[in-house]
Amino acid sequence: MKKLHQRMRTWMTRYLALPSDVLLELPRITMIGQIHAYIENHKGLAVYSDTELRLKANKGYIQIKGSSFVLKTMLPEEILLEGTIEEVKYISDD
Amino acid sequence: MEKFQGIFFTGYVTIAVKGRLPELFFQACMKEGIPAWNVKKTGTDTCQGNIKLEHISTIRKLRRQHEYRISFIRKQGYPFLWRRFLRRKEIVAAALLSVLLITFLSNIVWKVDINGVPLEIEAKVEKQLKGYGIHPGAWTFSLEPPSVIQQKLLHDVPELLWIGVKRRGTALEFQGVEKTIVQRQKVKGPRNLVAAKKGIIQKMYVSRGLPTKEVHDYVEAGDLLVSGEIGSLSLTEQPEDGEEKDKNQKPGKLVAAEGDIRARTWYETKVSVPLEAGYETLTGNQEKKYYVRVKDFYMPVWNLDNPDYKETQRENHETPIRFIKWDLPLKFVATTLSEKEPYFKKRTREEAVAFGIEQARQELQLQLGPEAEIQGEKILHESIENGKVELTLYLTAEENIVKEVPIE
């Protein structure tokens, strides 16, 4: 049943041209050069330190590495990260 | 970032979280829907971030569920500034006092300006104003409204034709216009004098011109009294009267006739006098009370007890209290309570008649002016209707009936 649901959504994004982040509940990351990363639709904060930010997504984690990180805003489901970003990486659960 | 707009006014605090994985506390906050910003990791087990003032109680609850030590590092924003300000009693007192002082000073006349009139009149006006209690340093509550000041000044300084009174903040401005005495315009060219109303001529004094009527003549309104045409021209018209004096005048000379002709005139008037009359007089006893008024609430300031008058006449005089240039919603009210005494009077018929005659005489005198003289009266008709004496009077007066008419 859940699979069917998931497949429906994928189909809808493809044929109805609906934004995929909304339908598929995937995180949306907007970056401004190296200095800002704006992450929406995340599922929670897992690790945060000066050099690393790890956020839960619906499947696995988003890992952002860099230096002198500051969380400029922390709202439910959105985070604005400031600092020098070096890499963005997806780590899958399974 | 909209969420953090106006954050200064609502106030915010910087909290420091200490414990294992301190960032997870902020994660918990996020789950509760508490926004945080400027979150920084300051060490391996410390983390700090800003939180709105309104969320502090929720933070305290959250603290109990977790094993973190939370300390408030900095309090920022308007509510904290305000609290800090209120804690300093002397500054609050000084601020209040200064507001009071400004209010006090805003209600004082600082300047009296008189413009538009020569120096000597200015001095006169100033002297009069001092008499009314208007001078720099006077309390504005004690001032009368500009219209009253204007009336008084016009009455007391006869040289003034007009004076404008304006209050501009704490200054009073007077704009005066001096009376220039202009000779009354007379009809310059040749003119006749005619009768303005009908009457019997009593006295005649003709300084110029040819009189066409004599004493004891009856004249109607519009009748020629003194002709401006002297000589042969007029001779043909008025063969009887004009001849005696001016026989040797050259023919056809026109002059501006001048003269004073008093005639007996008659007036019929109707008066009605009630037999019972009620009126009120002030006994002269009065007391003053002062209030500060806020909308409909009067707060007594001075003279709290009411005088024990049977009947009182109340007179309110309101002055708005000003702050710099604005009127505050406060008003200073001076109330004058005067004792009243009602009078009821019953008149006999004779008294009522006498009163009616006196009244009619006064009215006529007022109508005719001070030069006229009322000589006598007759009652034509007298009746009592609905408790009133109705009189029809016939009044005789002696007055100047001259009217100037230019000769074309």
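Modeller: Let us start with the handedness of a crossing, which is called left-handed if the near helix is turned anticlockwise from the far one by less than a right angle, and right-handed if it is turned clockwise. Please keep in mind throughout that what you see is a predicted model.

Colleague: Which hand does the crossing of α6(B) and α7(B) have?

Modeller: The crossing of α6(B) and α7(B) is right-handed.

Colleague: What else is used to describe such a pair?

Modeller: Two packed helices are described by the angle between their axes and the distance between the axes. In chain B, helix α6 (residues 119–132) and helix α7 (residues 146–156) have axes that come within 11 Å and cross at roughly 130°.

Colleague: Which residues of α6(B) and α7(B) meet?

Modeller: From α6(B) come V125(B), Q128(B) and Y132(B), and in α7(B) they meet I149(B), K152(B), L153(B) and D156(B). Sorted by class, this contact of α6(B) with α7(B) has four nonpolar, one polar and two charged residues.

Colleague: Now I would like to turn to strands. How should I read a sheet?

Modeller: Strands of a sheet pair through backbone hydrogen bonds, either parallel or antiparallel. For a case in chain B, look at the open sheet of three strands in the order β5-β7-β6, where the pairing is mixed. Its edge strands are β5 (111–115) and β6 (160–168) of chain B, each of which pairs on one side only. From one strand to the next, the twist averages 15°.

Colleague: How many bridges join β6(B) to strand β7 of chain B?

Modeller: Eight bridges join β6(B) to β7(B), residues 171–178, and these two strands run antiparallel. As one place to look, V165(B) has F174(B) in β7(B) as its bridge partner.

Colleague: Where could I find a sheet of four strands in chain B?

Modeller: Four strands of chain B form an open sheet in the order β17-β16-β19-β18, and here the pairing is antiparallel. The edges are β17 (297–302) and β18 (311–323) of chain B, each pairing on one side only, and neighbouring strands of this sheet are turned by 40° against each other on average, if direction is ignored. Within the sheet, five bridges join β16(B), residues 276–294, to β17(B) in an antiparallel run, and V292(B) stands opposite M299(B) in β17(B).

Colleague: Which strands pair with β15 of chain B?

Modeller: Among them are β9(B) and β21(B). Strand β9 (residues 199–208) of chain B pairs with β15(B), residues 258–274, in the antiparallel sense over seven bridges, with D260(B) in β15(B) as the bridge partner of Y205(B). The pairing of β15(B) with strand β21 (residues 388–400) of chain B is also antiparallel and has 13 bridges; there T269(B) stands opposite L393(B).

Colleague: What joins β3(A) to β4(A)?

Modeller: A hairpin joins β3(A) to β4(A) through three residues. Strand β3 (residues 44–48) and strand β4 (residues 52–56) of chain A pair in the antiparallel sense over four bridges, and the bridge partner of Y48(A) in β4(A) is L53(A).

Colleague: How many residues of each chain take part in the contact between chain A and chain B?

Modeller: The contact takes 15 residues from chain B and 12 residues from chain A. On the side of chain B that touches chain A, α2 (23–32) and β2 (36–41) each supply at least two residues, and the largest share, six residues, comes from β2(B). By class, this side of chain B has seven nonpolar, three polar and five charged residues.

Colleague: How do β5 of chain A and β2(B) run relative to each other?

Modeller: Strand β5 (residues 61–75) of chain A and β2(B) run antiparallel and are joined by four bridges. One residue to look at is V70(A), whose bridge partner in β2(B) is K40(B).

Colleague: Where in chain B is the pLDDT below 50?

Modeller: Where pLDDT is low, the predicted coordinates should not be read in detail. The mean pLDDT of chain B is 84, and 92% of its residues reach 70 or more. Stretches below 50 include residues 234–240 of chain B and residues 242–247 of chain B. The model as a whole scores ipTM 0.76 and pTM 0.44.

Terms used:
Residues numbered from 1 in each chain as written. Chains lettered and ligands numbered in written order. Predicted model: local features only at pLDDT ≥ 70, side-chain atom pairs only at ≥ 80, totals over all residues. Contact = placed C-beta atoms within 7 Å. Nonpolar A, V, L, I, M, F, W, Y, C, P; charged D, E, K, R; others polar. Pairing = 2+ DSSP bridges. Axes fitted to C-alpha atoms, helices over the stretch in contact; angles between N-to-C directions. pLDDT = per-residue confidence, 0-100.
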